[in-house]
Amino acid sequence: MDMGLKLKNRKAAESKLSKFVEDIIVPPRMIDIIVDGEVNDEYMKTLETLSKKIKFIDADPMVKSSKALKDVQPEVERLRQKAVSKIFEFVIQKFYALRKPKTNIQILQQSVLLKYKYTIIFLKEHAKEIYAEVRAAYIDTMNKVLSAHFRAYIQALEKLQMDIATSTDLLGVETRSTGFIFSIGKEPLKTRPSVFALGERINILKEIDQPALIPHIAEAKSQKYSYEVLFRSLQKLLIDTATSEYLFTDDFFGEESIFHDIFAGPIQVVDEHFNAVLLNCYDAIGIMLMIRIIHQHQLIMFKRRIPCLDSYLDKVNMSLWPRFKMVFDLHLNSLRNANIKTLWEDDVHPHYVTRRYAEFTASLAHLNVEHGDGQLDLNLERLRMAIEDLLVKLAKMFAKPKLQTIFLINNYDLTISILKEAGTEGGKAQQHFEEVLKSNIAIYVEELLLEQFSSLIKFVKSRPADETATSSEKASIAEVEPLVKDFASRYKAAIELMHYDVITSFSNFLCGMEILRATLAQLLLYYTRLTECVKRINGGSALNKDLVSISSILFEIKKYSRTF
């Protein structure tokens, strides 16, 4: 029993002692690797072992008082210092490789640096001041490399930029050309329809995920782009670079704050360029497209769950809106303060300002469909009121009321058809123009009929339309006979004249036909009321032979409806 107990005690002592000896001893192989070895996978494993020994020495109070420690501690400390200086040199050298031109930074980070991630953990634990130096060196390197990268990219992009609008390209600016509208061909404005129309430019929103433009390829093809295309490329490059850098620094250094120090430089470079461009940007549609692009990029970053550019993207958005408002107000004021004398042309066809307004409104409404931005709707409402005031002022320059009405109908009709082309987004503006178009058509129909049949219309309007007329109110044959005869002799020619008037006045054929139909229907109504009056007169039957039958009038009406 006695011997058994001794054996048990010795086994217990031996296991404790052997663990202690194993933890504190520094094997020669370890010294060789740390001092003379290459930094590779084996070196990483050895570093981990060294790290355990350092922690063991620091952690256990019993170890602190042991004699063995006095032997080993200076050796361990020397090894620590040697390891730290070796890692420092190795990592810094790898960082410098990032500075070489044409280096693929992401491949270097993923396939080289991440393999040696443990070196950074070791420095963090056992050499804080050296870790701070390594961290600073990485920040400095990447900040310079990426800033230079973006600076070069921006310079290349600037060569591809096509200017779309200057500060004078506004809705209400006259095209400074005399005579008829087609002579505007000489004007530079005419060659750049995209100032007011969205057209193909909308496609950029479908290409949000496409890779960024490669400038030298675009330059070789001598292509030029409107600014929002370049803007998308630049922002796309920025969010992709930021995503990759953010994920790498988080993995390699285990801290997010590094990212912001690295990207302070590149973001500043992009900002300086962007703010300079924005200051000279008078392209409202382009700015609106950029607002939508930034919104899409925010969604992309949200889906990637990468928050590092949130504040930057917000800031860009916040600088775009006021600029949009400023340019929009320039357009608005150009309509409000337009020079009527220089804008007016003695021509009832749609005015070029109307076309610009309609295209501009349709474009912005189209870009607002999915976003339902109330602020933009309000602004478009203000623009609509301004164009209406302007059209009414222009219409008043025509001497005859009929010409004023024709001018307004043509312009309202053009606006409606352009808004319809843009899809169902014409919304409030379209409804409004449809209402004013309707009321102006009614005015025109009356004016046209009064030109041909004024005495007939006056007579019919002065009589009650129903049977209740007292005998004193009943018309006499003497009053009615000239009207009936006049109508019978002239109605075919009059309809022909009205048809000619409509055809020559309205630029939109379909709209003209609607108006002609309305006119002839109204004529039929007036004539029906006249025949009823005749029937109620004593002895009115004597006039029957002169009355034109309704079917004859309908035949004439159909003749003109059929030609369309």
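How much space lies in the largest pocket? The answer is about 630 Å³. The model shown here is predicted.

**The largest pocket**

- The lining of the largest pocket is made up of 26 residues.
- Five of them lie nearest the pocket's centre: Gln106, His149, Tyr153, Leu237 and Thr241.
- Helix H8 gives the most, with eight residues.
- By type, the lining holds 14 nonpolar, eight polar and four charged residues.
- How can empty space be found at all? Rolling a probe the size of a water molecule over the atoms shows where such space is left.

**The largest nonpolar core**

- This core has 185 residues.
- Phe95, Leu309 and Leu320 have the most contacts inside the core.
- Helix H19 (residues 427–462) supplies the largest share of the core, 14 residues.
- Which residues does Leu309 touch, leaving aside its neighbours within four places in sequence? Leu309 is in contact with Leu238, Ile239, Ala242, Phe259, Ile267 and Met301.

- Thr141 lies in helix H8, the helix that gives the most residues to the lining of the largest pocket.
- Is Thr141 buried or exposed? Thr141 counts as buried because its relative accessibility is 2%, and the cut-off for buried is under 20%.
- The side chains of Thr141 and Arg99 are joined by a polar contact of 3.3 Å.
- Beyond its neighbours within four places in sequence, Thr141 is in contact with Phe95, Leu98 and Arg99.
- One of these partners, Phe95, is also among the residues with the most contacts inside the largest nonpolar core.

**Ile537, a buried loop residue**

- Ile537 sits in the loop between helix H21 (509–536) and helix H22 (550–562).
- Ile537 has a relative accessible area of 8%, so it is buried.
- Ile537 and Ala475 are 62 residues apart along the chain, and their C-alpha atoms are separated by 6.5 Å.
- Setting aside neighbours within four places in sequence, Ile537 is in contact with Ala475, Ser476, Ile477 and Val480.

**Val21, in helix H1**

- Val21 belongs to helix H1 (residues 2–24).
- Val21 counts as partly exposed because its relative accessibility is 41%. Partly exposed residues fall between the buried cut-off, under 20%, and the exposed cut-off, over 50%.
- Along the chain, Val21 and Ala68 are 47 residues apart. Their C-alpha atoms are separated by 8.7 Å.

- Ser222 has a positive phi of about 45 degrees, although it is not a glycine.
- Ser222 has 61% relative accessibility, so it counts as exposed.
- Arg305 is not a glycine either, yet it has a positive phi of about 60 degrees.
- Arg305 is found in the loop between helix H13 (284–304) and helix H14 (310–336).
- Why does Arg305 count as exposed? The reason is its relative accessibility of 75%, as exposed means over 50%.

Notes:
Residues numbered from 1 in each chain as written. Predicted model: local features only at pLDDT ≥ 70, side-chain atom pairs only at ≥ 80, totals over all residues. Heavy atoms only, no water. 1 Å grid on protein atoms, 1.4 Å probe; cavity = no way out; pocket = protein on both sides within 12 Å on 5 of 7 lines; lining within 4 Å. Points joined across faces, edges and corners; volume = space filled by probe spheres on them. Helix = DSSP H or I, 4+ residues; strand = E, 2+ residues; numbered from the N terminus. Nonpolar A, V, L, I, M, F, W, Y, C, P; charged D, E, K, R; others polar. Core = buried A, V, L, I, M, F, W, Y, C linked by side-chain atoms within 4.5 Å. Buried < 20%, exposed > 50% of the residue type's maximum accessible area, 1.4 Å probe, protein only. Contact = heavy atoms within 4.5 Å. Polar contact = N/O pair within 3.5 Å; in protein donor to acceptor, adjacent residues only side chain to side chain.
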